[in-house]
Amino acid sequence: MGAPKKKKSNFTRKNRLVAYAFLLPNIIGFLVFIFIPVIASFLMSFTSWNGFGQIEFIGFENYVNLIHDPNFRISFINSILFLLISVPITLFLSMVAAVALNKGIRFVKVFRTAVFLPYVTATVAVAAVWQLVFNPTMGPINGFLSSIGIDNPPGWLTSPEWALFSVSIVYIWHSVGYYMVLYLAGLQSIPKNLYEAADIDGAGPISKFFNVTIPMMSPIIFFTTIIGVINSFKVFDFIFVLTDGGPGRSTHVLVYDIYNTAFKQFEYGYASAMAYVLFLLILIFTFLQYQGQKKWNN
Amino acid sequence: MRKKCWSLVMSLLILVGLVLTGCGDSEEKNTAKGDSSSEVNLKMAVFPADEETFKKAYEEFHKENPNINIEFESFPQKQYYEKIRIQLSSGIGYDLFAGQIDTMVDTGILAPLDEHIKESDMDVSGFGNMYDAMKVEDEVLGLPYRKSNWMMYYNKDLFDEKGVEYPSDDMTWAEFRELSEKMTSGKAGNKTYGAYIQQWPQTWYMSAVQDGASIIDKDLSPFKDALQNRVDLEKDGSIMSWSEQITTGAHYNAAFQKGNVAMNIIGDWHVAQLRQAEADGDISFDWDVVPIPHPEGVQKNTTLALPVGLMMNKNTKHEEAAFKALKFFTGKEGAKTFASEGYITGYVDDEIKEAYLGDGSQKPENLHYFLETKEYPEYPMLPGVKNIVVQQIYKQEGELALLGEQTVEETIKKIEERVQSEWASKYEE
Amino acid sequence: MITTGEGRMQERNHSSMKIVRKIIRYVVIILISLVMILPFLWMISSSLKAESEIFGFPIKWIPEMFHWSNYKEVWTKIPFHLYYLNTLKIAVSATVLLVITSSLAGYVFAKVKFPERDKLFFLYIATMMIPYQVMMIPQFMIMKQIGLVDSHWSLILLGAFNPFGVFLFRQFFLSIPDELLEAARIDGLTEFGIYRKIILPLSKPAIATLVIFSFMHAWNDFLGPLIYLTSDNLYTIQLGMQFFITEYNTEYALLMAAAVSAVVPTIIVYFLAQDQFVEGVANTGVKG
C-alpha cells in the first residue's frame with residue numbers, strides 16, 4: 001500500500017512542478033493585473049468610495065440599497081430577458097453558419113468574411129442602418145408586415161414592449177460571426193479519421209453530426225456558452241447607440257447601470273456592489289451549464 | 001504548498017490595501033518642486049474644443065507672467081470627467097481644470113476661491129448672477145470662462161416664401177405653436193417643418209424653468225404645461241415626432257441645414273456651426289436669431305444658461321500662480337479672447353460685448369440678443385446634486401409621454417415621485 | 001410533373017433537383033451575406049459623403065458626389081499614421097504575449113493533473129465574470145504604482161493576461177486525445193516537448209482564432225487607451241477618432257472615413273488567420 005502511494009505523491013509533485021513552470025508566465029500577470037483588481041473591487045463594494053478622500057467601510061449597505069433600487073430591479077430583469085432571448089439563438093445560428101460554411105462551397109472565405117463583418121463594423125453604422133430597418137412607418141420590416149395584412153405592426157425600437165427584443169435581434173446579428181469563428185475552429189480541429197471511421201460504419205450526415213461532431217465539440221460548446229452568457233451581460237455599446245436605454249427604462253441593462261453609476265455618478269462602491277450581483281448571476285448560469293454538460297456527457 | 005499559496009495571496013491583498021490608500025500622497029510630493037519665486041509649471045485639463053482658444057489666451061498670459069508655464073491636456077469630450085477623475089484620484093495632479101462644477105464638487109478637491117478673489121481685488125461684477133451659480137455652501141469653487149444659452153434660429157427664406165412675418169423677439173409658447181403650424185406644409189418626403197426641437201429633455205422642460213421652476217422642486221406642476229406644449233407641437237405635425245427623430249438619427253444641425261425647418265431652438269454654439277456650413281457652401285438660405293419663446297407673463301429673452309467653469313485643485317503646490325492663471329482666463333483678458341472666438345463668456349462688459357459681436361460682417365444679424373438675456377441656470381448647483389440622476393428621470397419619463405404610453409398628467413406625477421425617491425432621499429441634505 | 005414513373009426521367013430529375021437545391025443554397029447564403037454586410041456598406045458610403053447627406057430616409061447608398069477629401073482630411077487633420085503604428089504595436093505585442101502565455105497555461109489546465117488545478121482554473125474563469133468597469137480603477141492604480149501609466153506597456157500587459165486566452169486554449173486542448181500524449185510520453189518526450197511538438201501543431205485553428213480575437217480586441221479597445229494614455233503621441237486609432245466628436249457636434253463623415261481606414265488591418269488579420277482554418281489536423285493517429 002505504502003509504495004504506490006509514495007509513487008503517486010512523487011508523481012504529483014513532479015506534475016505540480018511542471019504545471020507551475022508552465023503557468024508561471026501567465027499567472028504572475030494574472031495575479032497582478034486581474035486577480036488583485038478583482039479583489040480590490042470586491043472590497044470596494046463595501047465602501048461608499050467616490051475615488052477621493054478616506055475610504056469608508058459601510059458594510060452591506062450598498063447591497064441592501066440595491067434590493068430597494070427600482071432602477072436596479074428593472075435592469076436586472078432586462079438583463080436576464082436579454083440573455084434568454086439572445087444567447088440560445090446566437091449560439092444556434094452560429095453553429096448553423098459554421099457547419100454551412102465549413103466546406104463544400106465555393107468562395108467560402110468570402111462568405112465567412114461577410115458573416116464576420118458585423119463584428120468589425122462601427123457601431124454608429126450598425127445603429128444607423130438598423131434604426132431605419134426598424135423604422136415603424138417607413139422601414140422595410142413594417143412595410144412587409146402591413147403588406148401581408150398586419151394592421152398594427154410593432155414600433156420596434158420606439159416601443160417599450162418591443163425595444164429589448166429589437167436590440168436582441170441586432171445583437172444576434174452582430175455576434176453570430178464571432179461564435180461562428182469559434183465553432184469553425186472547433187470543427188476544423190476534429191480529427192478526420194473519426195469521420196472516416198463513421199463512414200465505414202455507414203453513418204449518415206445527421207448521425208455523424210450527433211455522434212462525432214457534437215461530442216468532439218463539447219468543450220468548445222461549453223466555452224461558447226459561458227462566453228456567450230458573459231458577453232450578453234456585458235452588452236452596452238449597442239444599447240447606447242440604438243436606444244440609449246429607452247424608451248423609458250425598457251432597455252436598461254445591468255452593465256449600462258454599472259457604467260452610469262461608476263463613471264457618470266462616480267459611486268464606485270455602489271457600482272461594485274452591482275457588479276458582484278451580476279457576478280453571482282453569471283456564476284449561477286455557469287454552474288447550471290456545467291451541471292448540464294456533465295449530465296450530457298454521462 | 002497550499003500554505004505558501006495563501007501567504008502569497010494574503011501579502012498581495014495587503015499590497016492592494018497599500019495601493020488603494022497610499023498612492024494619493026506620493027505624487028504630490030513629486031510635484032512639490034520649486035516655489036513661486038522661480039519658474040512654475042502648471043498642468044491644466046481642458047475640453048478638446050476649447051484647447052485652441054485657451055492656448056491663444058495663454059500666449060497673452062505668458063507675456064505678462066513669463067515665469068509661469070502652463071501645459072494643457074485635453075481628452076475626448078464624452079469621457080472627459082471619467083478621465084480626469086481617475087487621474088486625479090490616483091494622484092496625478094492637475095493644478096487647474098475646466099468643467100461643470102457639479103460633476104467635481106463631490107471630490108472635495110476644489111479649492112475655495114473667495115480669499116484669493118478678495119486678496120487680488122478681482123472684479124466679479126462682470127459675471128452677473130453666474131457668479132452665484134458657482135457657489136456651493138457659500139464658497140466660490142470656480143469661475144465661469146464660458147456659458148451656453150438657448151436661442152431660436154430661423155430660416156429667413158422659408159418665411160419670405162410663405163409671406164409670413166419673421167418671428168418676433170417677444171413671443172409666448174402659445175404663439176410659437178401657432179406660428180409653427182402656419183409654417184408647416186407638405187407631406188412626408190418633402191415636408192417643411194415649422195420647427196425642430198432636439199430630442200433632449202431640456203428642450204421641453206425649459207419653459208417651466210424660464211418661469212423660475214427648478215427640476216428638483218417638490219411640486220412639479222409647472223412642468224405639465226411645458227410637456228403638454230411639446231406633445232401639442234407633435235400632434236399638430238409641426239415638428240418631427242420624437243419616434244421619428246430617434247429612428248432616423250435626426251440631429252438639429254443637419255436638420256436645419258437641410259433647409260426644410262423654419263425655426264430651430266438650440267444653443268448658442270449653433271452659430272459657429274452655421275457659419276462653418278456657410279463657409280463650406282453647405283447652406284444657401286439666409287438665417288437669423290431671435291430669443292426663444294417664453295411662457296405667458298415672463299419677460300422676453302429669458303433663457304436657460306449652463307456655465308462652464310475653471311476650477312483649482314486644493315492640492316496644488318502653486319496656489320498663487322494657479323489662481324493668477326484662473327483669474328486671467330475667466331476674467332476680462334481671457335473673456336476677450338474667448339468672446340472674439342465666438343464664445344459667450346462668463347465675464348461680460350461692454351468691451352467683451354464688442355469683441356463678441358465683432359465688426360458685424362458675420363451672420364447672424366441679431367447676435368446681440370445673446371448678450372441681453374435674463375438667465376436661469378439649467379439646473380441648480382446644490383451640493384451633492386447628481387444632475388445626471390435627475391436628467392435621466394426627465395428623459396425616461398418624457399419619452400414615454402411623447403410616445404403616448406402615458407399622459408402628461410401621469411408623466412409629471414411619476415417624475416415627481418421618482419425625483420423624490422431616487423434623488424431627494426439620497427442626495428438632498 | 002416530376003412524378004412520372006420512368007427511371008431515366010427520375011434520374012435526370014434527380015440531378016436537376018440537385019442543381020436547383022444547390023442554387024437555392026447559394027441564393028440563401030448570398031442573401032444572408034447581404035444582410036450581414038449592409039451596415040458595412042453604409043459605413044463605406046457615408047465615408048464618401050458630405051456631412052449633410054449621411055442621415056435621412058431613404059438611404060442614399062451612392063453619394064451624390066464622392067468626397068474622397070474625407071479620407072485626406074482624416075489622415076492629415078490628426079496624425080493618423082502615428083496612431084496606426086501605435087495601435088499596431090500594442091495589438092501585435094499583446095497578441096504574441098497572450099498566445100504564448102495562455103497556450104502554456106491552457107495546456108496545464110487541460111492536460112497536466114495536479115491537485116489544485118480545477119480550483120485555480122475556476123478562479124481564472126470567475127474573474128472574467130466581473131465587468132471591466134469596476135476593475136478599471138484598481139487596475140489603474142496598480143499600473144500607476146509600477147509606473148506604466150501613459151505608456152503602451154499598460155495596454156500590452158492588460159491584453160496579454162486576459163483570462164479569455166487561457167480558457168480558450170484549455171477547451172481546445174481538451175479535445176486532443178490523451179492517448180496521443182501518453183504515447184509521446186512513452187517515447188520519452190518532455191512535457192514541453194509534447195506542448196511544442198504535438199499540442200501546438202494540432203491547434204492551429206485555435207491559435208488563429210485567438211489571434212483574430214486578441215488583435216481585434218486590442219485594435220478596437222477604446223476604454224483602455226482612454227484611461228491609460230494621456231500623451232498625444234501615444235494615442236491609438238480609437239482614441240484619436242474621438243476627436244471628431246466634440247461637445248455639440250459629431251463629424252460623421254470623417255468618423256466613418258476613419259472607421260473604414262481603421263478596419264482594414266482587422267480584416268487582413270481575419271483573412272490571413274482564416275488560412276489556418278484548413279483541415280491540417282487530418283490524422284492524429286488515434287481513434288476516438
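Pro364(B) sits in the loop that runs between helix H14 (350-357) and strand S11 (374-377) of chain B. Helices (H or I, at least four residues) and strands (E, at least two) are DSSP runs, numbered from the N terminus. The structure is a predicted model, in which local features need pLDDT of at least 70, side-chain atom pairs count only at pLDDT 80 or more, and totals for chains, interfaces and linings use all residues. Residues are numbered from 1 along each chain as its sequence is written, while chains are lettered from A and ligands numbered from 1 in the order in which they are written.

The peptide bond that leads from Lys363(B) into Pro364(B) is cis, with omega near 0 degrees.

Two residues other than glycine have a positive phi: Asn301(B) and Asp150(C).

A residue is buried if 20 or more other C-beta atoms lie within 10 Å of its own, exposed if 12 or fewer, and partly exposed in between; C-beta atoms are placed from the backbone. Asn301(B) is buried because 20 other C-beta atoms lie within 10 Å. Asp150(C) has 16 C-beta neighbours inside 10 Å and therefore counts as partly exposed.

Tyr347(B) belongs to the loop between helix H13 (332-340) and H14 of chain B. Is Tyr347(B) buried or exposed? Tyr347(B) counts as buried, because 28 C-beta neighbours lie inside 10 Å. Two residues are in contact if their C-beta atoms, placed from the backbone, lie within 7 Å. Leaving out residues up to four places away in sequence, Tyr347(B) touches Gly126(B), Phe127(B), Thr330(B), Gly331(B), Lys332(B), Ala335(B) and Ile352(B). Tyr347(B) is also 217 residues from Met130(B) in sequence, yet their C-alpha atoms are 8.9 Å apart in space.

The contact between chains A and C takes 70 residues from chain A and 74 residues from chain C. On the side of chain A that touches chain C, the largest share, 20 residues, comes from H1(A). By class, this side has 54 nonpolar, eleven polar and five charged residues. Here Ala, Val, Leu, Ile, Met, Phe, Trp, Tyr, Cys and Pro count as nonpolar, Asp, Glu, Lys and Arg as charged, and the others, Gly among them, as polar.
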